[in-house]
Amino acid sequence: AKVKDSVVEITTERLQSGFGSFSQYVVSGAGSGVIISTDGYIITNNHVIEGASNIMVRLTNGKEYNATLIATDSKTDIAVISIEPDQKEKLSPAIIGSSQNLMLGQTVIAIGNPLGKLGGTVSDGIISCLAREIAIEGSGTISLLQTNAAVSPGNSGGGLFDLYGRLIGIVN
């Protein structure tokens with residue numbers, strides 16, 4: 001309950017070229033994000049918004065906002081987007097924690113938008129590995145936290161929280 005309003009649903013649209021010189025169509029995508037400031041900055045995965053011509057953010061109260069891309073880092077698969085909330089809108093930024101002192105077996109929760117349709121879904125698990133090396137095509141390797149919390153397509157960019165409600169990772 002403490003952190004649910006800090007996790008948002010993200011939907012994207014991008015133009016895809018089809019067969020033939022005049023054929024284009026819109027491809028939609030979905031993911032999650034975590035509000036990190038009261039003025040509308042949101043962290044997500046780069047692969048969630050990469051190539052998007054339109055980024056929409058939906059808060060837990062159902063309000064939707066167009067988002068602007070602020071920065072990306074493909075090597076760490078992190079992106080920052082922003083929304084301009086209404087004057088009356090009170091955003092709930094996540095409390096930023098640290099992954100430095102995590103222990104194997106420590107309980108965590110993941111919150112996101114699995115399948116791009118189930119925003120606000122919570123799953124729990126444990127920290128399974130503290131530094132799992134994963135090869136990223138064309139970018140070398142990345143060291144990640146590993147959890148056995150259930151995550152599905154659409155959870156990408158959502159939050160991984162400790163039991164005190166502190167953001168300790170971004171689901172990838």
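## Strand pairing and the sheet

Strands β10 and β11 run antiparallel and are joined by 7 bridges; two strands count as paired if DSSP finds at least two bridges between them. Within β11, Gly140 is the bridge partner of Ile136. Elements are DSSP runs numbered from the N terminus, with helices (H or I) of at least four residues and strands (E) of at least two.

The open sheet has 6 strands in the order β8-β13-β12-β9-β10-β11, and its pairing is mixed. At the edges stand β8 (95-96) and β11, each with a single partner strand, so one side of each has no neighbour in the sheet.

## Basis of the model

The model is predicted, and local features need pLDDT of at least 70, side-chain atom pairs count only at pLDDT 80 or more, and totals for chains, interfaces and linings use all residues. Residues are numbered from 1 along each chain as its sequence is written, and side-chain values use heavy atoms, with hydrogens and water left out.

## The largest pocket

The largest pocket has a volume of about 480 Å³. On a 1 Å grid over the protein atoms alone, a pocket is an open set of points where a 1.4 Å probe fits, with protein on both sides within 12 Å along at least five of seven lines; lining residues have an atom within 4 Å of a point. Grid points are joined across faces, edges and corners, and the volume is the space filled by probe spheres set on the points.

Of the 20 lining residues, Leu144, Leu145, Ile170, Val171 and Asn172 are the closest to the centre of the largest pocket. Two or more lining residues come from each of β10 (121-136), β11 (140-147) and β13 (166-170), and β11 gives the most, with 6. By class the lining has 12 nonpolar, 7 polar and 1 charged residues. Nonpolar here covers Ala, Val, Leu, Ile, Met, Phe, Trp, Tyr, Cys and Pro, charged covers Asp, Glu, Lys and Arg, and the others, Gly among them, are polar.

## Nonpolar cores

A nonpolar core is a set of buried Ala, Val, Leu, Ile, Met, Phe, Trp, Tyr and Cys residues joined through side-chain atoms within 4.5 Å, where buried means under 20% relative accessible area (1.4 Å probe, protein chains only), exposed over 50% and partly exposed in between. The largest core has 15 residues, of which Ile10, Val57, Leu59, Ile81 and Ile83 touch the most other members. At least two of its residues come from each of β1 (7-17), α1 (46-49), β4 (54-58) and β7 (78-82). A second, separate core has 9 residues, including Val7, Val34, Ile109 and Ile111.

## Thr72

Thr72 is in strand β6 (residues 68-73) and is partly exposed, at 43% relative accessible area.
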